[in-house]
Every structure is written in structure tokens, then in C-alpha cells.
Amino acid sequence: MSTVLAGLRSLLSGLRRNRPKLDREATAAIFRNKYNEFQSLLESNTELLKIFSEMEVMLEGREVFGMAFIRSRTSRAIFHAIRMIKSFERLSGRPQPALLALVERLSSEIKTVIGGRVNPHRGKAVLMLSEVTADIVDQVGGKCANLGEVANRVGLPVPGGFCVTTAAFRDFFAEAGLFETIASIRLGITPDDPASMAAAAEDIQAAILRAALPETLARDLDAAARASAGSDGDAARFAVRSSAIGEDGELSFAGQYLTMLNVAPDRIASAYKFVIASLYTPRAMSYRLLKGIPDDDVAMAAACLRLVPSRAAGVLYTRLPENPGCNELLINAVWGLGPYAVDGVITPDAVRLDRDSLAVTFRDTPDKPRMLVPNESGGLTDVAVPDELRREPCLDDDAAKRLGAWGIFLERHFGRPQDMEWALNENGDLCVLQSRQLTALSERGGLAAGPPVPGAEIVAEGGQSACAGAGAGPVHLVRDDADLDGFPQGAVLVAQHSSPQFMVAMQRAAAIVTDQGSVTGHMASLSREFGVPTLLGLEHATRTLAQGEVVTVDAAGCRIYRGRVESLLTRTEEGEPFMAGTQVHAILDEAARRVVPLTLLDPKSPQFRADNCTSLHDVTRLLHEWSYGEMFAVSDLASGQQGVTATLDATTGLDLHIIDLGGGIREEAGHKRRVTPGDIASRPFRALLQGLVLTGDALALKPVNLGGFLSVMSEQMLAQPKAGSDRFGDKSYAIISDKYLNFSSRVGYHYGVLDCYCGATVNKNYITFSFAGGAADDVKRSRRARAIGRILEALDFTVDAAADRVAGRFQKVPAPLIEEKLAHMGRLLQFTRQTDMLMVSEASIDAMVACFLSGAPCFDPAHAGQA
């Protein structure tokens, strides 16, 4: 017997003798470069998916946005698309001239669309508030645009005043040479040195405050102030507030810029410069850096509004920030001017109202010992609240209800929960000082979530809303392509994973629900495009919801009800999309046609190729899919090459070698040639080893009969002398980083390859797995492949099987779930070794599946029935 085995070794050694070898450093560099390119591609893919989602939300027409949003999102999309192409070219070694040409053409078309805008207010330094609406946000900034919308389209009372435009800002900076001065000072900033940031900020602010305003701007400010002051003349007082591009729009910038209160008319020019200079505080500069907003794109407008000498002031939230699903709104109130309510200096009154009836449901009236009031000489003064008012409510029920009604009205108009600042004067008159999207909502509950429908039975709850709305119909479970054929009209599509292939059913689907998926994924984008209520990440929906069962999906509330819930289905959208019909919305729509649509749906289709791409989304989808294949093939580079950094010292039954790309092995064990499982830092490899390392009963695996093994092996070699011969006896490799794993197991005539990413970003996470080959005949190998496919399906993988090969994918789920599946995959790799010889009948398939799912360490057909 030893002679036979020695002869086999000699034969197989000869088959491998002429393989080229690389030294360790060169091999490590190849793997590291490929992994770095893959990382770069994944990062850009994630950013592009976010951009697609943001553009789709703005296309709804319920968010204030301007040309700055369109320019920033389209330019970022072009950048990341090109970055993906270049990364893929370096990853694969294959140039992609067709994709590059497409992106360049789309970029040129987008620039033409953006450049064709007509701006009726271009060049105006000052606009009265009566001239302002949301669609000129580029000229007046977010705060002014929102307030103009509230006054001129919603019709609620706001203070009188005017806006100093971004054109005034640019004229001021250009005439004073401030753009060049600021660029020069910024050269001295060290990004990781707060002291250099603070010093630069001080120098920039000093330069702004020293500079003289253009004479025309100074005259315009004086004229607008006198017009707004009216009969009060010099006695009038103003609030001068920042209104930066993006502020109170897609980013809140809350508290980042300056507000000056109680400003006399002749001091507005000076106050304006202080507000402009607040663009360059260390905090504001750091905020823009963290949000990826280049200083070159920053422009500041300012709101100059008549100061309301308020008896009381505060804020209103149309949803409870900590519990947006609750059917209440919240009002906070303090005596005097409002800053103490928002700055947390005084604990304010808290009043909660029912959103439907506006009845007061809760009151908390704490002691309010201090308040802010205007100082006669300018500025503000902190004074004591009269003793008789300290524990009195600032608002009676009628005033609270009036504010509540305004808040609901604004939420309906803007289509989003609102954060509204208000003031109450000595005459009892209320006015709105500001309204913006409420950005502090907790993730649970969504933007428009309401309370559960009374009397309706909830069968499932949770997940995330990819497209709000409600739909009802019979459940139609989709497990594979065949289930999509003839999808019933009005059914609810329920699947384990989100997939762009579901687009073929979207015009017929009442709603879509998946166990896993991301609201920034490809299918979520299509759901919004088709307007299908979609709820993603509702774990176990496929097991909870029965085929044919009638349910109502409330995607906004993240709930599924049994039967039809008519009150949800008859609910109409409240308020018109106020940005629709504006020129800036039309430009976004035209630009988005080059960016957002997705036509490449099925990777298996012959149409899934570069020359069929028509948008940046298509490019993203294609390259992301192709990149999986490139990384999956990385294991072939490892086979037969030197350059491994370590071998695994553990009982796996494999000659397992590890290539660390960085962060895969604990730093203190980095010098070792043999490492233990405890030395592994790689998150996915650690999880795989939980099932791969043999312990306990698994160590007592019944060995395969050697005579039968040699018989099958010799049969295989005679029948297919080249098939798998270069696999027998090969090393197995784990190519690892802190979040990545490419594992290739080569034992006998079969091999398994697993590729995985496991990190904090759900959209990046995946497991791909392929198993093929064997030493038995075609029939037995096919049976084992089908058994493995059924096991993978039980583990929620998407499976593709043909002949003796089976492949599966599991993706876009949180890291803990990836780790759980990897532990199963480690056990599966051990469980299926040489089992092809045991697949003696079709019944063996059922036995093998049942045995694995029972948790048994190995497949023993004799005891499969008991398992």
C-alpha cells in the first residue's frame, strides 16, 4: 500500500513540477494590491448607492435643494464611477475603454444640463423676504429659502425682513481678495493638528472682519434695512442669521454658524460680516471636513429679520425625536427670547399634543429662573424671571394647539417631520422664526411612521422602509426566477434577499418585503422609481408570512398586518411636492436620468455586459458584480506559490496556509510561522474557524475506507486523467485581512472556495462560495452538489447548481449574521469532504441534508435516519 501511495505522490508531484514560483514578498504584494483595489471599488460602490438614494429622495420634490446639491452629487457620482472603473482595471488587468467613454459622455451631458439654467435673481445682492421661495435656495441659502416658503406659499406669519444673497457674498470676497487670502492661509493647516486649524480659523476671520464691503452692497443693505424698519426707523431691531448653502436642507449645520440678535439698522453691515466670518470657526471648518464639503463650494447668505421681542419662545418637533412612531408632537418653551430653549441653558416647559386631535396629553412645567431679553444698547441681557412666572407655563392650551396645527401643516407641506422655532409677543401673537427638517429622529420608526392601527393584528414588525406607502394583497413567496414568472397582479412579493431582478414584477406588486436588504441598494432604488411600498430587512418574513395569506404592508410604519387594513390603504399623500415644477427640480430630473436608472438586472443574462450600460448606476452594478468574480479567483493565484506568512496550528485536516494582507493576524503574533486560532484577528476567518477546526466528536470522524477510496480515485484518473489532478494534495489557503477572507480548501479531487467581506457597512458584506469536483463518478458527484445546494438554501443562500458544481451567495446583511453563516460554512467544508463516495442513491441527498442540519459532525448514512 505504501508503494501505491508513494507512486501517486510521485505522479502528482511531476504534474506540478513546472509551476512558476514567486518569492514571498512578490506574492504578498500581488495579493495586497488586489485587495486594496477591491477595497477602493467597494468604497466607491457604497458612496454611489448613497448618492442614488439621495437624488431619488430629492426627486420626490419634498426637500429644499438647489443647484449646489445637483452639482455636488453629480460630480461625486462621476468621480466614484471613474474610480470604480480604474480600480477594476487594476484588479482584473483588463482595460475598460467602453465604460470610461460612457462615463465621460454622461459627464459632458450633465454639465450641459446644469449650464443651461436661467436664474432670474442672478447678481442681486439683496432680496426682500416676500420675493423668496424654496426654489431659489442657491441664492438665499437654506434658512431663508425655508422661511420664504413658509411665508409666501404656506401663508403662516413670519417676521418681516430681507435676505443678503450668495451673490453678495461672492462679490464681497472677490473685491476684497478674500478667496486668495483664505486659500493661502489654509495651506498651513495640518488636518490632524487642531491647533493649526484654530490658528488658521482666527487668521481667516480677522481678514474677513478687516475687509471693507463693496459700496454698492453697503448701500443695498442700508436701503433694505430702512424699508424693513418702516415707521419704527432707527428704533427697529433685527436678527441677523446665517443662511449657508445646504443649511436647513440636506444637512442641518445646527449650531455651526452665528446668529446676532438685537442689531440696530446702522449695525447690520457689521453684523453681516461677523455672520459671514462664522463660516470659518474651527468647529464649522471641522464639520464641513467631516461631511465631505469642500470649502471651495461654500457660500453664505444671511437672513436679516425684524427681531420679535418675545414674551416666550421655543421650538416645536412634529415627531418625538426619541420615538417618531408615537402619535404626538412636542413643544419646548422658555420665557423671553428663544436661545435658552435650544442651547440647553434653562430646562424648558415640555408640552406634548396628540397629532390628530391636538389635545394636550402631557405637561411638564419646571422652574425657569432666568431668561434672555434685548438690551437697550444692543445685544442681549440675562435677567431673572419674576417669581410669579418661574413655575408658570409659558403657553396656555390654546396657544399650544395653534402651534401644533402650524407644525402639522408645515409637515404636510414639506413632506417631512419639522423642527420649528416660534415666538410669542406681548400681544399674544405667534409667529414662525424658522422651520427645517427634523434630523434627530431615531432610526426606528422611519420619517412618517404612525402608531399601530387600533384593532388590526400585527403579524410582523421591524426592518427599514425603502419606499413609504401601504399595499395589500396575497403573499407570493419568491425563491428563484421561476417564482417571478407569472407574478400575480396585486400580490405582495416576499423574498429572502432584495434583488434588482424583482423589477419585472414591480408594476404588478402591491408591496415588497424581504428578510435582508439595504435601503441604499439597487432594488431599493428601483422600488422608489416604481413607487412600490417596500420594507427591507424584516428578518424571518419568509417564514412568518404564508403563501397566499392576505396581508397589508405599512412600509412607512414598518409593520405588516393580517388581512386588509382599509384605513392605511385609503390614506392619501398629504400636501403637494412643493419643489415639483420648479426649474431646479427639472434640472435634477434631467441630470438624474444619466445617473440613477438601472437596466442591468440579471448577472446571468447575456445582456449583462459593458456595452449595454446606459447610466452610472448600470456601471456601478456591473463592476460590483464583476469584482466578486475577480476576488473569488484570487485563490488560484495562491495555489502552488510560495510566500505564505504562516501556517495554522489547529486540527482541521487541511494543510492550511495563511497570507495576511494586513490586520488579519494579531500584531503580537505577526512574527510567528505557525499561528493558532487565538492569534487570528480577522473577523471572518475567526468565524469560519469556529466550524472548520475539529473538536470533540468531530475528531472521531469515521475514516473513509482506503480500498474504496483508491478504487474510486483510480477510476477517476483513468476516466479523466486531467480533471482535478492538480488539486489532489494541494495546500489550502486563507488570504485574510481584518474584514476580508478568501479561503480555498483543496482536498482530494474536490475543492471549495469561499470569498467574504464582513464589516460595519451592510452593503459591503457578502459570502460567495463554490464547491466542485470529487473522486466518485458523475452521478455521485452530482448528488453531493445537489445536497450541498439544499444545505446552502437552508442557510438562506441564493444557490446555483449544475452537474458536480454548486455556488451560493449571501449578501448585504449585518456583520453578526455573516459571522453566524461563516461558522456553518466551516462545518460544511468539513462535513462534505469525500462524501461523494457515500451518495449511493437519491435518498442519500435527503439523508445528507438532514444529517448536516441536525448538527452532526459528519455524514454517516447508516445513522442518517436517526439524525
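Buried means under 20% relative accessible area, exposed means over 50%, and partly exposed covers what lies in between. With that in hand, welcome to a set of close-up views of a predicted model.

**View 1. Four acidic residues make a negative surface patch.** Asp480, Asp481, Asp485 and Glu793 form this patch. Glutamate 793 belongs to helix H24, which covers residues 778-794. Its relative accessibility is 44%, so glutamate 793 counts as partly exposed.

**View 2. Leu209, Leu258 and Phe274 make a nonpolar surface patch.** The patch has an area of about 210 Å². Phenylalanine 274 sits in helix H10, residues 268-277. Because its relative accessibility is 38%, phenylalanine 274 falls in the partly exposed class.

**View 3. Arginine 594 and glutamate 109 meet in a salt bridge.** Side chains of opposite charge can pair when their charged atoms come close. Here the N to O distance is 2.9 Å. The bridge links distant parts of the chain, as its two residues are 485 residues apart. Glutamate 109 is in helix H4 (residues 97-115), while arginine 594 is in the loop between helix H19 (583-592) and helix H20 (616-632).

**View 4. Arginine 306 pairs with aspartate 232 in a salt bridge.** The closest N and O atoms of this pair are 2.6 Å apart. Arginine 306 is part of strand S5 (residues 300-306) and aspartate 232 is part of the loop between helix H9 (215-229) and strand S3 (238-244), so the bridge ties together parts that are 74 residues apart in sequence. Both partners are partly exposed: arginine 306 has a relative accessible area of 21%, and aspartate 232 has a relative accessibility of 40%.

**View 5. A salt bridge joins glutamate 328 to arginine 352.** Their side chains meet with an N to O distance of 2.9 Å. Glutamate 328 lies in strand S7 (residues 328-335) and arginine 352 in strand S8 (residues 349-354), so the pair ties together parts that are 24 residues apart in sequence. At 13% relative accessibility glutamate 328 is buried, while arginine 352, at 25% relative accessible area, is partly exposed. For a further landmark in this view, look for lysine 401: arginine 352 and lysine 401 are 49 residues apart in sequence, and their C-alpha atoms are 10.0 Å apart in space.

**View 6. Six charged residues share one salt-bridge network.** Which residues are joined through shared partners? They are Arg105, Glu109, Asp589, Glu590, Arg593 and Arg594.

**View 7. The side chain of lysine 34 reaches a backbone oxygen.** That oxygen belongs to leucine 91, and the distance is 2.5 Å. Lysine 34 is found in helix H2, which covers residues 24-59. How far apart in sequence and in space are lysine 34 and glutamate 630? The two are 596 residues apart in sequence and 9.0 Å apart in space, taken from C-alpha to C-alpha.

Note on methods. Residues are numbered from 1 along each chain as its sequence is written. This is a predicted model: local features need pLDDT of at least 70, side-chain atom pairs count only at pLDDT 80 or more; totals for chains, interfaces and linings use all residues. Side-chain values use heavy atoms; hydrogens and water are left out. Patches are made of residues with over 30% relative accessible area and no salt bridge: like charges are joined within 9 Å, nonpolar side chains (Val, Leu, Ile, Met, Phe, Trp, Tyr) within 5 Å. Accessible areas come from the Shrake-Rupley method with a 1.4 Å probe; for residues, only the protein chains shown count as cover. Lys and Arg count as positive and Asp and Glu as negative; His and the chain ends are not counted. The place of a charge is taken as NZ of Lys, CZ of Arg, CG of Asp or CD of Glu. Helices (H or I, at least four residues) and strands (E, at least two) are DSSP runs, numbered from the N terminus. Buried means under 20% relative accessible area, exposed over 50%, partly exposed in between (1.4 Å probe, protein chains only). A polar contact is a pair of N or O atoms within 3.5 Å; within protein, one must be able to donate a hydrogen and the other to accept it, and residues adjacent in sequence count only if both atoms are side-chain atoms.
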